[in-house]
Amino acid sequence: MIPELGQFALVVAFVIALTQGIMPLAGAARGNAVWMSVARPAAFGQFAFISIAFSVLTYAFATNDFSVQYVASNSNTALPLAYRIAGVWGGHEGSLLLWALVLTLWMIAVSLFSRSLPEDMVARVLGVMGLVAAGFLAFMLFTSNPFDRLLPAPPDGRDLNPLLQDLGMVLHPPTLYMGYVGFSVAFAFAIAALISGQLDAAWARWSRPWTTVAWVFLTLGNALGSWWAYYELGWGGWWFWDPVENSSFMPWLVGTALIHSLAVTDKRGSFRNWSVLLAILTFALSLLGTFLVRSGVLTSVHAFTSDPRRGVFMLAFLVLVIGGSLALFAWRASHVGASASGRFEPVSRESMLLTNNVLLVVATGTVLLGTLYPLAVDALGLGKISVGPPYFEAVFVPVIAPALFLMGVGPIARWKKASLPEIAVRLRWALGVSLIIALLLPFALGQWSAPVGFGLALAAWIVTTSSISLWERVKHATTGASVWTRLTGTSRAFYGMVLAHVGVAVMIIGVTLVKGYGSEKDVRIEPGDTTALAGYTFLLRDISNVSGPNYLATRATVEVTRNGASVATLYPEKRRYRTQENPMTEAAIDAGFTRDLYVTLGDQVNRTAWVMRVQHKPFVNWIWGGSLLMALGGLLAASDRRYRVAARAPREAQYAAPARGPQVTPVLEVKA
Amino acid sequence: MQTRMIAFVLLLAFGLAGGALAKEAAPASDDPVLERRVMALAGQLRCLQCQNQSIAESNAPLAVDIRNEIREQMRRGLGEREIINFMVARYGDFVLLQPPFNATTMLLWLGPALLLMAGLIGLFYRLLRWRATAEVQLSEADDARTAQLLQFGSGKERL
């Protein structure tokens, strides 16, 4: 009975979503304040009913209700409660429900934090989000119902994929979806701007914090996914150019471009059409990512489902959303966006940001090409090919490297018109220091090689140029005399930018050093034996059998010492889950600021000996540390005063304008 | 060698469970140099049984077989190229993580360069055009402003 309640809640949510998608948009178009006012209550209603549905499914998992098909396929009585709850989004249907729940969370956020926005803008934004929600709910109700019954109920479930039984599964999908779905807000703002014709600096200022926060979540989601793959998959890689990873990397790349483009639109009024196009593209790639992962067109650990009906529905939805919004863009953009773009010279901060944008979009295009190409070749019957890491590394790095170089120059350059000789003078120290670091530091770390030198040069360049821009900002600040007042007078947005850019540098250092100086060793080891790697000694103390809640494991006890001092005791395992046949490798990691020690247990060779792999991974944690800095930078920027102050301004202006009574003035064709 | 000695001495000093002497574990393979070559090559091949793993990374039975096959062929003195050709003949282009350059994959390999060129051409075009249109617009605005200023100016003169 209870699962049917969830089903019913979904149906109600669908009806509300349709209402939310139609009435406020129609109201905004006709200037009907009553219809527009439906938007906020509808958003809350949707949130309430989808929360009910989500709770019902969670309850079914918690109570092992295997009469629900989805629970039976993704859970098991022996599964610990935390993973049973994470199992809610462990499969196709549940992750769609999570998608919808997250979408309503963003709707609520928009409803709450949009009090200063014109009513018609809010109505349009929530209306567009309502239409997106309606699409997803329809998809769930018609092809992927999480509450479908399985009668008679099996005595036990099939269990969650052992790879997913991990803390990463609890954290990674919700964070990633917060990012993916968060871009729907930027998308809705862009569509609202196209419809209303109100595509101006105020629009950019409203969209910016939303876009930045979504980007922060996507950054964290990707970092969590990478970190999870690193410790869970057992061979110590951190990025595999897997189609599923690419699916969430592409919206991140375009989202990064969008953040920078919106900054220009906000501050200078330029790039309006470009910002709108990027907002559409970012959300389109988020949808494409969901489609690629969820439709089962990819063969990878993440694709749990293969059902052509679902694929066709998703494809149709994708074509409708992307095609529709691009058509709207083609129709409206020239009317609303072209006028009075701020003037700037071919050498200026604007032009550099635009170049960076183009490079980021081209980089996204190459990733998209590599991800979809094998699918296209297969679909056309031209055979099967693989596009793996060697391809992506070969094509991605040359495109992104100039963008990373420009990251150092852009913040230094003046708006409107910059002078290259002047920039060169201001950055000469940064260039010198970067080159010296690139030439000398690799020798100190081991041996010099071109990729290491190149990576370190880029990282040093970003750090030194960021320092120069910070220093110049403080030097030229007009407020206050003391350094402290100048520092505190500088905006959070600026610090956010510096922090995020330094985060990129930190990440480059991690990537470069772990690739350049990482080492590993496979040994045949017996209890009591030792092996040495990178100055560490690994002693296999013993091997024992342990039994987990739903698996049996062989666990090695490995004592790590360095120059006689104890460093860590590690317990790598080889697990055999009861419901699944394949043994799982559970790596043991001693994490550190400058290095990780990564130990995995291989096969048993004879009665006493085992194969063991030990890996030394210098600075690997800087990869995720850098991502964390980027996310913190984004948060700092999103919390800048200008959004709170500026957000209030339009409302006041509106009241100041001759208003037709207390009701809302529909803003139609303002710019056209 | 030195670390090995140090480790040996230290382990002696600390004493081991059961009093047994620790010995340095043997490499998993009899020929570590060969093994490195095998794994380097295996890293370029896709494990056909698994989900997006290379032959080097996977422990699936087929991956282990292929690694043995590569090892065997390397022992017989075959070069990397020959072994890769053998694998492609047996499993098709699908086995290569780095797709070959041929008629089917031409667009894949040239695509990024084409995209970059298109992007840069579009960029230069826009930069130059924006500059031109902005100048025209600005001069119009300037005209209006000049006219306005002149009006005000003449007004003041009249006052």
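Predicted model: local features only at pLDDT ≥ 70, side-chain atom pairs only at ≥ 80, totals over all residues.
Me: Is Gln615(A) buried or exposed?
Reply: Buried means a relative accessible area under 20%. Gln615(A) has a value of 1%, so the residue counts as buried.

Me: Which residues is Gln615(A) in contact with, leaving aside its neighbours within four places in sequence?
Reply: Contact is judged by the distance between heavy atoms. With those neighbours set aside, the residues touching Gln615(A) are Trp235(A), Gly236(A), Ser519(A), Glu520(A), Leu533(A), Asp596(A), Leu597(A) and Tyr598(A).

Me: Which side chain does a polar contact join to that of Gln615(A)?
Reply: The partner is Lys617(A), and the polar contact between the two side chains is 3.5 Å.

Me: Turning to the other chain, how many helices and strands does chain B have?
Reply: Chain B has 5 helices and 1 strand. Read from the N terminus, the order is α-β-α-α-α-α.

Me: What percentage of the residues of chain B count as buried?
Reply: The figure is 30% of 159 residues. The accessible surface of chain B is about 10,200 Å², and carbon and sulfur atoms hold 61% of that area.

Me: Which residues of chain B make a nonpolar surface patch?
Reply: A patch of this kind joins nonpolar side chains that have over 30% relative accessible area. Here Phe101(B), Met106(B), Leu107(B), Leu110(B), Leu114(B), Met117(B) and Ile121(B) make one of about 720 Å². One of these residues, Met117(B), lies in helix α5 of chain B, residues 106-158.

Me: How many residues of chain B are in contact with chain A?
Reply: On the chain B side there are 47 residues, in contact with 58 residues of chain A. The area buried between the two chains is about 4,500 Å², with 65% given by carbon and sulfur atoms.

Me: Which elements of chain B give two or more residues to the side that touches chain A?
Reply: They are α1 (2-14), β1 (26-27) and α5 of chain B. The largest share, 18 residues, comes from α5(B).

Notes
Residues numbered from 1 in each chain as written. Chains lettered and ligands numbered in written order. Heavy atoms only, no water. Helix = DSSP H or I, 4+ residues; strand = E, 2+ residues; numbered from the N terminus. Buried < 20%, exposed > 50% of the residue type's maximum accessible area, 1.4 Å probe, protein only. Areas by Shrake-Rupley, 256 points an atom, 1.4 Å probe, with all protein chains shown as cover. Patch = residues over 30% accessible without salt bridge, like charges linked within 9 Å, V, L, I, M, F, W, Y side chains within 5 Å. Salt bridge = Lys/Arg side-chain N within 4 Å of Asp/Glu carboxyl O. Contact = heavy atoms within 4.5 Å. Buried area = accessible area lost by both parts, 1.4 Å probe. Polar contact = N/O pair within 3.5 Å; in protein donor to acceptor, adjacent residues only side chain to side chain.
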